[in-house]
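Let's walk through this model together, one region at a time. Keep the viewer open as you read.

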Amino acid sequence: MNKMDYQLIDSGFGEKLERFGEYTIVRPCSQAIWSKSKELSKAWSDCNASFNRRQGHHWEGRDAIPESWIVQLETIKMKLKITNFGHVGLFPETLNLWKNIKEKITAAKAKQKRNFQFLNLFAYSGGATMAASQAGAHCCHVDASKGMVQWAKENAQINQIAKNPIRWIVDDVNKFLKREIRRGKRYDGILLDPPSFGRGKSGELYKIENAMIETLENVGKVLNHEFSFIYLTSHTPGFTPTVLSNLLKKLFNNGSITSGEMLLKAVEGGGLDIPNGSWSCIDNI
Ligand SMILES: C[S@@+](CC[C@H](N)C(=O)[O-])C[C@H]1O[C@@H](n2cnc3c(N)ncnc32)[C@H](O)[C@@H]1O
């Protein structure tokens, strides 16, 4: 059950070397301004594929990797694919978050009699939805991209939770939240990972600096009075743990707030850990 098919092997000179199941991949990593580990030079040169932005978005060795493959990340399986933007369908720095969400839901369910309602906003390929559903939550998964919601549904099938109570919503987050407010829908746990820049279902522009406050205000209106947690994460430069916790402090005045860096932890004997975004959480204890 504890199989972990992801490893950060090394990083340096603006790149990172990661293992996803049986494939090792090199991708850009602007934070890794240090040098690569000399002892790992063979691992770098033996990589299966690499992505760079030197001549436009460009993969080398793409043929060495199947169109899609499945990895096991402890209790969660994820289908991965090489995309034209260098993503593979997994942000590994969020793995810890999935674990925490699962623990928080399990603890809350032990205390409350009703179903736990979990809302995953900007939900991408659905790792957190898988975690929450495995913990027994009723989930609502929202993303503006039809393709990403389809990918998340495939992940639910692979994890054998497709029949669990999960609402799959293809919509702009702010439009969806306004509808939920009107319908009087309430949630016990909410995760939101607003992108620096995104597009809603009908092309609505989402720029974090303009749209996130509205999203957070709407989140406040769909929270159950006795909610369990709100997790806010960001990959946007400058949105540090302090910035995220300040935002939560300004908008919500109950609960205890913690925050930190999202980290890609290097494998033992490998290179250095890499910070990749920030998180902040309100626990309503
Ligand atoms: C950075 S990814 C989120 C990563 C994900 N939370 C994870 O850790 O795996 C951003 C996601 O937000 C979606 N998105 C962008 N703008 C949106 C909007 N206005 N409404 C809903 N989803 C949006 C994108 O389709 C994409 O899947």
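Predicted model: local features only at pLDDT ≥ 70, side-chain atom pairs only at ≥ 80, totals over all residues.

Residues are numbered from 1 along each chain as its sequence is written.

The chain is assigned domain 1 (6-81) and domain 2 (92-283), with bounds that come from an automatic or database domain assignment. Their C-alpha centres lie 26 Å apart. Domain 1 puts 21 residues into the contact and domain 2 puts in 22 residues; two residues are in contact if their C-beta atoms, placed from the backbone, lie within 7 Å. On the side of domain 1 that touches domain 2, strand 1 (6-12), strand 6 (68-73) and strand 7 (76-81) each give two or more residues. Strand 1 gives the most, with 7 residues. Helices (H or I, at least four residues) and strands (E, at least two) are DSSP runs, numbered from the N terminus.

Now look inside. The largest nonpolar core has 73 residues, and those with the most contacts inside it include Ile-101, Ala-132 and Tyr-231. Such a core is a set of buried Ala, Val, Leu, Ile, Met, Phe, Trp, Tyr and Cys residues joined through C-beta atoms within 7 Å. Helix 2 (residues 95-111) supplies the largest share of this core, 6 residues. Because domain 1 (6-81) and domain 2 (92-283) both give residues to this core, it lies between them. Leaving aside neighbours within four places in sequence, Ile-101 is in contact with residues including Ala-128, Ala-132, Leu-191 and Tyr-231.

Which residues of helix 5 (residues 173-183) are buried? They are Val-173, Phe-176, Leu-177 and Glu-180. A residue is buried if 20 or more other C-beta atoms lie within 10 Å of its own, exposed if 12 or fewer, and partly exposed in between, with C-beta atoms placed from the backbone. The four cover an arc of only 100° around the axis, so they sit on the same side of helix 5; the arc is that of the directions from the helix axis to the C-beta atoms. Arg-179 and Arg-182, on the other side of helix 5, are exposed.

Finally, find the ligand. It is surrounded by 20 residues, the closest being Phe-122, Tyr-124, Ala-144, Asp-193 and Gly-198; a residue counts as near if its C-beta atom, placed from the backbone, lies within 6 Å.
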